[in-house]
Amino acid sequence: NGQLVPWDGEVAEVYSPVYVPTEQGLKRKLVGTIPQVSPKESLEALDAAVAAYADGQGEWPTMSVEGRIACMQKFVYLMIQKRDQVIKLLMWEIGKSVADSTKEFDRTVVYINDTIDALKDLDRQSSRFEQAEGVLAQIRRSPLGVVLSMGPFNYPLNEIFTTLIPALIMGNTILFKMPKHGVLAHYPLLEAFREAFPAGTVNTLYGRGAEIISPLMESGKVNVLAFIGSSKVAVSLKKLHPKPNRLRAILSLDAKNAAIVTRNADLDVAVEEILLGALSFNGQRCTALKLVFVERQIADVFVAKLAEAVGALVPGLPWDKGVRITPLPEPDKPDYLKACLDDAVAKGAKIVNGNGGYTNQSMVFPAVVFPVNDQMKLYHEEQFGPIVPVVPFDSIEEPVRYQIGASHGMQVSIFSNDAAEVAQLIDPFVNLVSRVNINCQAQRGPDVFPFTGRKDSAEGTLSVFDALRSFSIRSLVATKSTEANKQ
Ligand code: G3H
């Protein structure tokens, strides 16, 4: 509610994935502490958001578009002052490289500025009158109410803001729950929210999601659930709402995107793009390429090239120059990845690159695994880590069958230089996933393009333009189209 609340309750310690020398030997560095709010405080924050919305009569939902834009511009101005601090915290907290942490911050600023421009466009359209069958109408965009925004650790700033910012600028009030990792990175910006927006408009929650989110959903006062994470959590959260028909859900969820490399591919291009797609931020992206299908007759050549390129990636600390592989923030991840690799090896696959899967503290060296088949965990699990499982295929029916059988449907990347073959491959996939990439990696951006998915991968669409629509409703002011009313 626009207040910095002094905290003497329970706190949680935040540890970096980066190890440092301590009296007890090398340990994850303690980088800060965060409050763990109780359900009671969580509900107080909800009350603040509900009061600020005030059934659509509050200062924020009734503010003019120009007024809301001015507040957002002030926020961006204040946010930019915190750039270095936020980038440094991203590196320490989630182990993201300096290049990627900088990109995450700058991309978020561009996203906010693009959102402001998109709202100006939308407002121009909404100011027009339309006429049909003797009815004259102005079709406006109105807010929906209280938005609960939650996102994952891999883009702790950017992904939460891809829902929070459009929801906010459309006149909704916000509750946002800090991600599991990457919490401190938000701290420098909280003061900016407080300075730029009316009290109660943006409310922040720190704590254990399982405890503090359930009461919010059960209250029935959350109008929009904006969640980026696992479909299992999304389904259980939605079920808690007493009136599901009054809840809008904007969700970006599970994926396990496939790459398909045919014998007609330029293998250098395929390797370069698959490296980016599979191993950027150590494979911790929902858009990552998580299964590579390669036509059997070129499989050995392709796998050798891929393994060589993966072996050359520079591991190191987030601030090291040219670093591509960095420590993983989830403490249990190295053991889980090892179990996936052991399972594949026990069932007949090999780790092709020499140091693949080697673990040093929180760092796991990327592994190319071949040949992978549908009996292995790596064929089915998203694994969200630096492993590239390669599956040989004889007929294109095989990757198509994989996608048909999958519970998700986000993206696919096709590598082939034969235009007729590409055209033939697009057709089956375009109705199974939400984006088909040709000779390039899978990714969310550019952020002006729609980002969604099929099956368990998404509900609703995000993008600079789509998000403004997702967090608002079209409402009409209508009258008879007489000459007098046209005035
Ligand atoms: O984790 C999922 C992100 O939306 C991926 O975004 O493709 O820009 O890395 P990206």
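Predicted model: local features only at pLDDT ≥ 70, side-chain atom pairs only at ≥ 80, totals over all residues.
Trainee: What makes alanine 288 buried?

Mentor: Count its neighbours. Alanine 288 has 29 other C-beta atoms within 10 Å. The cut-off for buried is 20 or more. Therefore alanine 288 counts as buried.

Trainee: Where is alanine 288, and which residues does it touch?

Mentor: Alanine 288 sits in the loop between helix H9 (267-279) and strand E11 (289-295). Leaving out residues up to four places away in sequence, alanine 288 touches Asn257, Gly277, Ala278 and Gly283. Look at glutamine 443 as well. It is 155 residues from alanine 288 along the chain, yet their C-alpha atoms are separated by 7.2 Å.

Trainee: Which residues are around the ligand?

Mentor: Glutamine 443 is one of them. By class, the shell has two nonpolar, four polar and three charged residues.

Trainee: Why does phenylalanine 281 count as buried?

Mentor: Phenylalanine 281 has 22 C-beta neighbours inside 10 Å. Buried takes 20 or more, so phenylalanine 281 qualifies. It lies in the loop between H9 and E11. Apart from neighbours within four places in sequence, phenylalanine 281 is in contact with Lys96, Asp100 and Asn154. Lysine 74 is another matter: its C-alpha is separated by 31 Å from that of phenylalanine 281.

Trainee: Why is aspartate 55 called exposed?

Mentor: Aspartate 55 has 8 other C-beta atoms within 10 Å. Exposed means 12 or fewer, so the label holds.

Trainee: What makes glutamine 361 partly exposed?

Mentor: Glutamine 361 has 14 C-beta neighbours inside 10 Å.

Trainee: What is phi at aspartate 55 and at glutamine 361?

Mentor: Aspartate 55 has a positive phi of about 50°, although it is not a glycine. Glutamine 361 also has a positive phi, near 55°. Most residues other than glycine have a negative phi. Aspartate 55 is in the loop between helix H1 (39-53) and H2. Alanine 54, which follows H1, has a positive phi too, near 50°.

Trainee: What about the length of H2?

Mentor: H2 covers residues 65-81, with 17 residues. Its end C-alpha atoms span 25 Å, close to the expected 24 Å.

Trainee: How do you know that the buried residues of H2 line one face?

Mentor: First, name them: Arg68, Met72, Phe75 and Met79 are buried in H2. Seen down the axis of H2, they fall within an arc of 55°, so they line one face of the helix. An α-helix has 3.6 residues a turn, so residues three or four places apart point the same way. On the other side of H2, Glu66, Tyr77 and Gln81 are exposed. Cover for the buried residues of H2 includes helix H4 (98-127), helix H5 (158-169) and helix H6 (187-196).

Trainee: What puts the buried residues of H6 on the same side?

Mentor: In H6, Leu189, Phe193 and Ala196 are buried. They cover an arc of only 80° around the axis, so they sit on the same side of H6. The face turned away carries the exposed residues Leu190 and Glu191. H2, helix H3 (83-94) and strand E7 (202-205) are among what covers the buried residues of H6.

Conventions
Residues numbered from 1 in each chain as written. Helix = DSSP H or I, 4+ residues; strand = E, 2+ residues; numbered from the N terminus. Expected span 1.5 Å × (residues − 1). Arc of directions from axis to C-beta. Contact = placed C-beta atoms within 7 Å. Near = placed C-beta within 6 Å. Nonpolar A, V, L, I, M, F, W, Y, C, P; charged D, E, K, R; others polar.
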